[in-house]
Amino acid sequence: MQRLLSFAVVAALAAPLSAQTVVTSPGVLTNDASDGVGNTLNDPIVASETWYRRTVREGSSLGINDTYARNGNGSLYMAGTNGTSKGDFEYYFAAPQSLLNFGGASFDWYRAGSSDVGGQFTPVFRFIMDFNGAAAGGFGYLIWEPIYDQAGFVATEDVWQSVDLTNAGFWARANSTNCFYGASGPNTIGEWVGGASATCEVGGPFSFDASVAFVTGVNVGFGSGWNGNFEGAVDNVSWAFGDDARAFNFEVASAEVVPEPATMTLLATGLAGMAAARRRRKAIES
């Protein structure tokens with residue numbers, strides 16, 4: 001049975017929201033394909049530990065603005081107008097992180113009522129993966145999309161959603177093939193680490209050795225095959241690997257971030273859950 005989504009903030013990643021890194025650039029990049037070649041636009045990657053606009057295809061817009069402000073005066077805006085539209089916001093680690101050290105992840109997403117694509121489509125969260133370590137051909141993604149984590153999912157529009165990805169289902173794209181479901185639905189990161197496999201569209205089942213699997217970055221984005229108009233946003237992107245926890249708040253300018261009371265309650269609850277999970281993991285390893 002496919003697991004239900006948990007709409008809660010992952011507290012331990014974030015600690016107080018004031019500890020978030022505020023990101024104010026880049027602004028919105030629009031690919032209107034005015035040159036008639038349907039080119040893909042990318043920011044040049046010049047350093048790690050920085051956010052970049054990548055794979056911004058024809059009819060797409062992506063970047064930080066104030067259209068759907070979240071915990072301040074901005075968020076990461078994304079919009080597309082046709083089936084080829086796509087845009088990704090990517091962050092590359094200075095040093096790859098072992099998937100064995102995964103501690104949790106979360107992000108906030110928004111789908112605007114102006115969207116007319118299928119109701120299952122929302123912004124997507126991806127871990128950029130090197131499944132095979134030094135071996136060739138191991139690059140791909142572990143991807144969260146709600147339609148693969150909850151049967152019959154339809155997004156609520158014009159409302160921000162905060163998603164705890166720590167125990168959510170991720171499908172894999174590896175060797176240019178999509179691999180969706182394990183024996184009981186999409187695999188959590190913990191299940192992937194434990195050696196779970198998933199059925200692929202082409203070829204046999206896919207699994208990987210977590211001891212040599214590394215996460216090289218994070219990607220949030222939309223599109224590719226979403227026929228119609230999509231408009232939405234992302235904010236408060238967080239993850240943790242071991243003691244390395246990151247949290248980002250996208251703003252158009254420096255803004256004081258004041259957590260709401262409900263958010264603080266979620267943070268405290270999440271901290272307790274994360275501590276318990278770490279104790280269980282240490283008990284298993286000992």
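Is Trp 192 buried or exposed? Select Trp 192 and you will find a buried residue, with a relative accessible area of 0%. Here buried means under 20% relative accessible area and exposed over 50%, with partly exposed in between (1.4 Å probe, protein chains only).

Before you go on, note that this is a predicted model, in which local features need pLDDT of at least 70 and side-chain atom pairs count only at pLDDT 80 or more, while totals for chains, interfaces and linings use all residues. Residues are numbered from 1 along each chain as its sequence is written, and side-chain values use heavy atoms, with hydrogens and water left out.

**Stop 1: the whole chain**

Of the 286 residues, 51% count as buried. Switch to a surface view: the accessible surface is about 12,200 Å², and carbon and sulfur atoms hold 52% of that. Such areas come from the Shrake-Rupley method with a 1.4 Å probe, and for residues only the protein chains shown count as cover. Among contacts (heavy atoms within 4.5 Å) with a separation of 6 or more, 73% are made by residues 24 or more positions apart.

**Stop 2: back to Trp 192**

The rule covers rings of Phe, Tyr and Trp (its six-membered ring) with centres within 6.5 Å; planes under 30 degrees apart are stacked, over 60 edge-to-face, and the rest tilted. Trp 192 sits in helix H2 and Phe 208 in the loop between H2 and E13, 16 residues apart. Phe 208 is buried too, at 8% relative accessibility. By the ring rule, the count comes to 38 aromatic pairs.

**Stop 3: Ala 210**

Stay in the loop between H2 and E13 and select Ala 210. Ala 210 is buried, with a relative accessible area of 5%. Leaving out residues up to four places away in sequence, Ala 210 touches Ser 98, Leu 100 and Val 193. Now draw a distance from Ala 210 to Phe 131: they are 79 residues apart in sequence, yet their C-alpha atoms lie 7.7 Å apart.

**Stop 4: the disulfide**

Which cysteines form a disulfide? Select Cys 179 and Cys 200, whose sulfur atoms are 2.0 Å apart. A disulfide is counted when two cysteine sulfur atoms lie within 2.5 Å, and that gives one disulfide. The link between Cys 179 and Cys 200 is right-handed, with 95° about the S-S bond. Cys 179 is in strand E12 (residues 177–179) and Cys 200 in the loop between helix H2 (189–193) and strand E13 (214–223), so the link ties together parts 21 residues apart in sequence. Cys 179 is buried at 1% relative accessibility, and Cys 200 is buried at 12%.

**Stop 5: the seven-stranded sheet**

Strands of a sheet pair through backbone hydrogen bonds, either parallel or antiparallel. Two strands count as paired if DSSP finds at least two bridges between them. Colour the strands in the order E3-E6-E13-E8-E9-E11-E12: these seven form an open sheet with antiparallel pairing. Its edges are strand E3 (51–54) and E12, each pairing on one side only. On average, neighbouring strands here are turned by 25° against each other, direction ignored; axes are lines fitted to C-alpha atoms (for helices, over the stretch in contact), with angles from 0 to 180 degrees between N-to-C directions.

Focus on E13, where eight of its 10 residues are buried. Strand E6 (residues 86–98) pairs with E13 in the antiparallel sense over nine bridges; to find one of them, select Ser 98 and its partner Phe 214. Strand E8 (residues 124–130) joins E13 through seven antiparallel bridges, including the one between Arg 126 and Asn 219.

**Stop 6: strand E7**

Finally, select strand E7 (residues 102–111), where 10 of its 10 residues are buried. Eight bridges join E7 to strand E14 (residues 230–241), running antiparallel, and Gly 104 has Ala 240 as its bridge partner there. Another four antiparallel bridges join E7 to strand E10 (residues 161–164); here, look for Trp 109 with its partner Gln 161.

Key:
Helices (H or I, at least four residues) and strands (E, at least two) are DSSP runs, numbered from the N terminus.
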